[in-house]
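Biologist: I would like to walk through this model with you, one question at a time. Could you start with the terms we need?

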Amino acid sequence: MAVRFENEIPAEEYFAPGHRACMGCGEALAVRLVCKALGKDVIIVTATGCVEIISSALPWTSWRVPWIHTLFENVGAVVSGIESAYKALLRKGRKKLEPGRRIKVVGFAGDGGTADIGLQALSGAMERGHDFLYVCFDNEAYMNTGIQRSGSTPYGAWTTTAPHGAKSIGQRTWKKNMPEIAVAHGIPYVATACPSYPYDLMRKVRKAVETQGPSYLHVLSPCCTGWRFEPKLTIKLGRLAVETGVFPLYEVENGVYKLSIDMDVESLKPVREYLMLQGRFRHLPESEIEKIQERVVSEYKKLRKKVRMSQED
Amino acid sequence: MNEVKGMSRKVALEGSHAVSEAVRMADVDVVAAYPITPQTHIVERIAEMVANGELDAEFICVESEHSAMSAVVGAAACGARVFTCTAGQGLELMHEVLFVPSAMRLPVVAAIANRALSAPLNVWGDHSDAMAVRDCGWIQMFAENAQQAFDLMLCAYRVAERPDVLLPAMVHLDGFHVSHVVEPVLLPEEGAVREFLPPSEYPFPLDPDRPVSMGCYGPPYIYTEVKKAQEVAIENAYEKILETFKEFKEVFGREYRPVETYRAEGADILLLMMGSYSETAALAVDALREHGESVGLVKLRLWRPFPFEEVCRALRGVEVVCVFERALSFGMGGPLCSEVRAALYHLPEGKRPKVVSFVGGLGGRDVRAEEFENVLRRTKERVSSGELEGFEFVGLRE
């Protein structure tokens, strides 16, 4: 008798090995896991960025599922067109699918392609209610062009366009809360995830695929090159981001918040443990670390409040 | 009139609605558009058709023109027949996306109700928007009236979707002068259109049963070869456009050529232009011919791929060519004239006409038939005084 585990990860690789990601790339790992959870009945649209560049230099491709890249800021719109085309062609009998089979259209983009330049197209697609999953692989800066700050870069981080110096502590703004922007669109499913928690990540992908209508998955993808840490620490950094409360794992299903790992505020690890493993934060004085600690705690409390209140409703 | 199966009824239609009718008869699958004057009537009518069940299509009310073009690119990549339309600023916002379907060989069809570009804001017609996208790798055709807008839309789908073409195509109709004018239009029977445009069979659609990767990036070792392939594709498309016009004539009876002429035989001076003002200029030609002037008209129907040979054939041996255009390349002059001059450069001495350039009708400024008579007078003056360089504004208030 074959023994199967509840959390078994499929052996099939839809994101083929041999791509050109940096050693220790959290994003490539996340893409691989997301693809395993998606299975073969998908069409993937990728924004310009690290994922596109590492996977598609002509005449090679890493994609074993139908895949398209066009531009940087239009993933939401291309996804809308593909979803609409399938709808029309199936209705008009020009395409046929076996009963019960469904093709999911999935958008992949980085944090710049999602929270900055691609926000309008994504917002339009979510507002119109297309049936799609959008995955933001958030490595917290424009890593493909060489570590420039984005709206998703955390406060205090060094980047090449927000360097620290005599008159700067690096990034001066707090990270844009992209999952909350997705929630504000009233879409049925929003979740955060991290490849350091592969089962949780894949469960959320499957749930999103089953959801009718737009779903949004925000995946923290540690980047050893841009965050300045040793490649062997990728998984550890992802865990610390979650354990310190910097990047809580949660789901919002039809407006109801649920923490994926239910830690109370007191059990959070100090943010220092997360920050000090990364070169991008190493310049921060004690006072700034405290400021970040306070912010993390207050944001975490707010999130727990949303969990409580939405579950009470 | 020829007896043709494609002809059934004459109706009064606004130019915009003639385009909407073509979209309906073409049984388009996906429409994505954003409102902008003077294009809006086209999509408003299409929205009604979808709402009434006259057209079985997905209509995506996108949040920008950039997304409109992106959405139809995605839909075309799945093998759907697609449509979008825009004007002026909207075409400029699409600009980045326009290079994608031409390089990725996706047969997107768009109608452009040509409009001036800001600043200052101006919603009225000229060709600034069309000229700004001439290097995007699209087939570009210019209609003079509602009938042509309808006809060229059908031709655009037929040629764009040919497996040996697979290029995007734009049909240009002048904002307001064509888009908002009600004219008699001969609408063919729907069956004839369906036969002329069978469902699109895109060879490599996005399909989980046959996975393909589209839009991979091209490093320096391969980018030039990709661009060469694209250039070959649009050069080869020229012959297919001619074939399509011929097939269109066989079914629907109306004839189109990349370069068309009106009373050009034996003329010493030829006016050359694109779009709706050619109809006004034809009135001027009639009046001038009455007065014994040796003048004719050349109308450019096809702007890309540029019909070098046909332009040369039409202009060869003529004394003077007077190019009138509704666009300006600042610091250079008229872009249409520049193309015409380049086309004529290799004609032998004695066969190469003198070329005089005029720019007018900008931002919706009317140019009447009498104005074209003035243009002709100024052409003669400029030729006799040797003022052949540069260009002159038409109807400028000084």
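Predicted model: local features only at pLDDT ≥ 70, side-chain atom pairs only at ≥ 80, totals over all residues.

Modeller: Happy to! Residues are numbered from 1 along each chain as its sequence is written, and chains are lettered from A and ligands numbered from 1 in the order in which they are written.

Biologist: Which element gives the most to the side of domain 1 of chain B that touches domain 2 of chain B?

Modeller: Two residues are in contact if their C-beta atoms, placed from the backbone, lie within 7 Å. By that rule, 26 residues of domain 1 of chain B and 20 residues of domain 2 of chain B take part. On the domain 1 side, helix H5 (128-132), strand S6 (139-142), strand S7 (169-174) and helix H8 (220-252) of chain B each supply at least two residues; helices (H or I, at least four residues) and strands (E, at least two) are DSSP runs, numbered from the N terminus. The most, 5 residues, come from H8(B).

Biologist: Is B:Asp27 buried, exposed or partly exposed?

Modeller: B:Asp27 sits in the loop between helix H1 (15-25) and strand S2 (30-33) of chain B. Leaving aside neighbours within four places in sequence, B:Asp27 is in contact with B:Arg81 and B:Arg194. A residue is buried if 20 or more other C-beta atoms, placed from the backbone, lie within 10 Å of its own, exposed if 12 or fewer, and partly exposed in between. B:Asp27 has 19 C-beta neighbours inside 10 Å, so the class is partly exposed.

Biologist: Which helix gives the most to the side of chain A that touches chain B?

Modeller: The contact between the chains takes 43 residues from chain A and 39 residues from chain B. Strand S1 (42-46), helix H2 (50-55), strand S2 (67-69), helix H3 (75-91) and helix H5 (119-128) of chain A each supply at least two residues of the chain A side. With 13 residues, the top contributor is H3(A).

Biologist: Which strands stand at the edges of the open sheet?

Modeller: In this sheet, 9 strands follow the order S10(A)-S9(A)-S7(A)-S8(A)-S4(A)-S3(A)-S1(A)-S2(A)-S9(B), with mixed pairing. Two strands pair if DSSP finds at least two bridges between them. Each edge strand has a single partner strand, so one side is left without a neighbour in the sheet; these are S10 (256-259) of chain A and S9 (213-214) of chain B.

Biologist: What is the bridge partner of A:Trp67 in S9(B)?

Modeller: S2(A) and S9(B) pair in the parallel sense over 2 bridges. In S9(B), the residue bridged to A:Trp67 is B:Ser213.

Biologist: At about what angle does helix H7 of chain A run to S7(A)?

Modeller: Axes are lines fitted to C-alpha atoms, for helices over the stretch in contact, and angles run from 0 to 180 degrees between N-to-C directions. H7 (residues 198-210) lies across several strands of chain A, among them S3 (104-110) and S4 (132-138). Relative to S7(A), the helix runs at about 165°.
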